[in-house]
Amino acid sequence: MKLSIKKQFLLLFLLVIIVSLTLLSFLLRTTIDSCFYDYKWAEQSKIFDLIVSRLETYYAEHNSWEGFNGNELAKLAMKEGCYFTLTDNEGNLIWTSEHIIDNQNTNYQIDKYFRNIYTVNYLNQMRGKVYIGQFTEKIYTPNDLKFQEQVFSYILISLLIALLLSLPFIMILSSRLSTPILYLQKAAENMIKGDLHTEIRAPSSSYEIIKLSASIDRLRKSLAQQEDLRKQLSSNISHELRTPLNVLQNQLEAIIDGIFEPTPERLDGILQEVIRLTSLVAELENISAIESSDFIPEIKDVKLAHVVENVCTTFEAAFQRKHIALHMQIKKGIIVKAQEDKLKQLVINIISNALKYTDKGKVTVKTYMYNNDHAVFEVSDTGVGLTEEDKEKIFERFYRVEKSRNRNTGGAGLGLSIVKNIANAHGWVIEVESDGKTGTTFRVHF
Ligand code: ADP
């Protein structure tokens, strides 16, 4: 049987309260019982002392036990539920009130109950012994028993009242504990149904629930972000594809309609557009391959200098065409753990950006050890630079600073996104430095 969390809390609290109240009533009863018993015995001892003192007085007055009649004393003792037997020093019976007990109530079994011996002294000498007995049943008078019963029933009633009074609190407490959990369950269901924009904040003051609620809200935000990114990505992709496809369609239609001659220059223009499209699709494939959860780089020991020098060599002609100096400060012998083709891709993207976004001056490519701790690949340029805001965003897919300006450079805003993904997959850290005017430095800490 599955019970709701509220019912479970309710039952649990009820159980705890009932067990504690039962235990409490048992303890109270035992304590009161024993205290009352002690008190009654203390009272009873006074009677024993009285009997002994009356006997001592008798002896003092008569100087012997001759003619002793204990009827008066026996009646007094009987009233208090006691009997006594007096003997002289030699143990000869002088007087006993046991026959009165026998006559009065044959149910009493004298031997069974408390019996004690006291000495009767006169002038510091023992003059006799008195056995004083007590019927245990008689320690409590009917009034005492009634009083005891009343106390116990009051305890029971108080405990029942306590239980009843605690019921509303139990219900409030179990509802306070279960409400935030029910709220979170509902919130999770809403998220499944697609509501990712309602903030999740469970109504609770307990630390764990607040933390759980905050974590679920973070999950909601990240899902919402992913969802937005997915929507933005598909709209970006269709936008990026539509523009070159329109150009191609227009040019081809014009050629077919005979408006344009299919000159080699025009056909080359069409080919360049197709190449751009192909490389865009390749970049997208690249991103989704690295982003897929099962991408784990095939790590090997790679010579950093070797990869960087190779890439620089392929870029040399492009640098010369743009009249940008390419300086290399490569430290030999540094080995990094990487999937080589991905490392090469990262180096290409960063160096090609430095070239793209530098109109004059130089680009410096360095590799070195940072504090003898780890390797660093660094590319600094004297180009347009990046603002603080751009530095945050350049790694997002399709993000381009001043889109119109970059349209001329032919980039789709995917290069640094690929760089970031490669770095993440390897556990590398990327650092970007720029004052927004006089160039940019990209650093990859391996
Ligand atoms: P793109 O294909 O447009 O170059 P990237 O993802 O490589 O896309 O870069 C994103 C944006 O970051 C670029 O459009 C550019 O505005 C900016 N950027 C990248 N590298 C540099 C750099 N070295 N100097 C200035 N801006 C840069």
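Which residue in β4 is the bridge partner of Tyr122? Good morning, everyone. The model I present today is predicted, and the answer to the opening question is Gln125.

Let me place that pair in its surroundings. Strand β3, residues 115-122, and β4 pair in the antiparallel sense over eight bridges. The two strands form a hairpin with two residues between them. In the turn, Leu123 has a positive phi of about 50°.

Strand β4, which covers residues 125-134, also pairs with strand β1, residues 82-87. This pairing is again antiparallel, over six bridges. Within it, Leu86 stands opposite Val130 of β4.

I turn now to the cysteines. Is Cys82 buried or exposed? Cys82 counts as buried, because its relative accessibility is 1%, and the cut-off for buried is under 20%. Cys35, by contrast, counts as partly exposed because its relative accessibility is 45%. The structure holds zero disulfides.

Next, a helix. Helix α5 runs over residues 207-256 and has 50 residues. From its first C-alpha to its last it reaches 72 Å, close to the 74 Å expected at 1.5 Å a residue. Just after α5 comes Gly258, with a positive phi of about 80°. As a general point, an α-helix has 3.6 residues a turn, so residues three or four places apart point the same way.

Finally, the overall arrangement. The domain assignment gives domain 1 as 5-143, domain 2 as 199-295 and domain 3 as 300-445. The C-alpha centres of domain 1 and domain 2 lie 100 Å apart. Thank you for your attention.

Terms used
Residues are numbered from 1 along each chain as its sequence is written. This is a predicted model: local features need pLDDT of at least 70, side-chain atom pairs count only at pLDDT 80 or more; totals for chains, interfaces and linings use all residues. Side-chain values use heavy atoms; hydrogens and water are left out. Domain bounds come from an automatic or database domain assignment. A disulfide is a pair of cysteine sulfur atoms within 2.5 Å. Buried means under 20% relative accessible area, exposed over 50%, partly exposed in between (1.4 Å probe, protein chains only). Helices (H or I, at least four residues) and strands (E, at least two) are DSSP runs, numbered from the N terminus. The expected span of a helix is 1.5 Å times one less than its number of residues. Two strands pair if DSSP finds at least two bridges between them.
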